[in-house]
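Work through the exercises below with the sequence and the 3D view open. Try each task before reading its solution.

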Amino acid sequence: MVDKRLTIQKIKILEYLHSVHSHPTADVVYEAVKKHIPNISLATVYRNLNQMVDSGDVLRLEINGEYHFDGDVSKHLHCYCSRCGKLVDVFNKKITDYAIKNVDLPGFEVSNVQVLFKGLCTKCS
Ligand SMILES: [Zn+2]
Ligand SMILES: [Zn+2]
């Protein structure tokens, strides 16, 4: 996964994102990466995250005006607990394939879909 165009900052950010499934915000990523690169700034983390979103190495989800980052860029959906904010992966090929196949949008060749399910996690319900 890790290739030469990546700087040490990007490598540490990616390593962290690949080690968690919590879809952290930039602040959380910053706290984690700071342990490896003490002089890194939050702005640098933001910049690197956004560059990796543009290059397709990281997924960015906007929920309630806040950005969450995901190191898993494979086709998957998310479910959000509207009480505690927990964000979990939903791997349901049936839904993604169905949505992509049936979107029927002239002028577009659709290759991926983002769906956010909302509800309550078992702890909150
Ligand atoms: Zn919850
Ligand atoms: Zn995810």
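Donors here are N, O and S atoms within 2.8 Å of the metal, and water is not among the atoms, so sites may look incomplete. Keep in mind that this is a predicted model.

**Exercise 1. Which protein atoms are the donors of the zinc ion (ligand 2), and how are the donor residues spaced in sequence?**

Step 1. List the donors. They are His23 (NE2), Asp70 (OD), His76 (NE2), His78 (NE2) and Asp89 (OD).
Step 2. Check the distances. These donors lie 1.9 to 2.2 Å from the zinc ion (ligand 2).
Step 3. Read the spacing along the chain. The pattern is H-x46-D-x5-H-x1-H-x10-D.
Step 4. Classify histidine 23. Its relative accessibility is 2%, so histidine 23 counts as buried. The cut-off for buried is under 20%.

**Exercise 2. What is the arrangement of the donor atoms around the zinc ion (ligand 1)?**

Step 1. Name the protein donors. They are Cys81 (SG), Cys84 (SG), Cys121 (SG) and Cys124 (SG), at 2.3 to 2.4 Å from the zinc ion (ligand 1).
Step 2. Take the angles. The 4 donor atoms subtend 104 to 116°.
Step 3. Apply the test. Four donors count as tetrahedral if all angles lie between 85 and 135 degrees. The arrangement around the zinc ion (ligand 1) is therefore tetrahedral.
Step 4. Note the spacing. The donors of this zinc ion (ligand 1) follow C-x2-C-x36-C-x2-C.
Step 5. Cysteine 121, at 16%, counts as buried. Cysteine 124 counts as buried at 17%.

**Exercise 3. How do the axes of helix α1 and helix α2 cross?**

Step 1. Locate the helices. Helix α1 spans residues 8-19 and helix α2 spans residues 26-34.
Step 2. Read the geometry. Their axes come within 10 Å and cross at roughly 115°. That makes α1 roughly perpendicular to α2.
Step 3. The crossing of α1 and α2 is right-handed.
Step 4. Find the contacts. Lys12, Ile13, Tyr16 and Leu17 in α1 meet Val28, Val29, Ala32 and Val33 in α2.

**Exercise 4. Is glutamine 9 buried or partly exposed, and which residues does it touch?**

Step 1. Glutamine 9 is in helix α1.
Step 2. Classify it. At 25% relative accessibility, glutamine 9 counts as partly exposed.
Step 3. List its contacts. Leaving out residues up to four places away in sequence, glutamine 9 touches Ile37, Ile40, Thr44 and Asn48.

How values were computed: Residues numbered from 1 in each chain as written. Chains lettered and ligands numbered in written order. Predicted model: local features only at pLDDT ≥ 70, side-chain atom pairs only at ≥ 80, totals over all residues. Heavy atoms only, no water. Donors = N, O, S within 2.8 Å, 3.2 Å for Na, K, Ca; no water. Tetrahedral: all angles 85-135°; square planar, octahedral: opposite > 155°, others 65-115°. Buried < 20%, exposed > 50% of the residue type's maximum accessible area, 1.4 Å probe, protein only. Axes fitted to C-alpha atoms, helices over the stretch in contact; angles between N-to-C directions. Helix = DSSP H or I, 4+ residues; strand = E, 2+ residues; numbered from the N terminus. Parallel < 35°, antiparallel > 145°, perpendicular 65-115°, else oblique. Left-handed = near helix turned anticlockwise from the far one by under 90°. Contact = heavy atoms within 4.5 Å.
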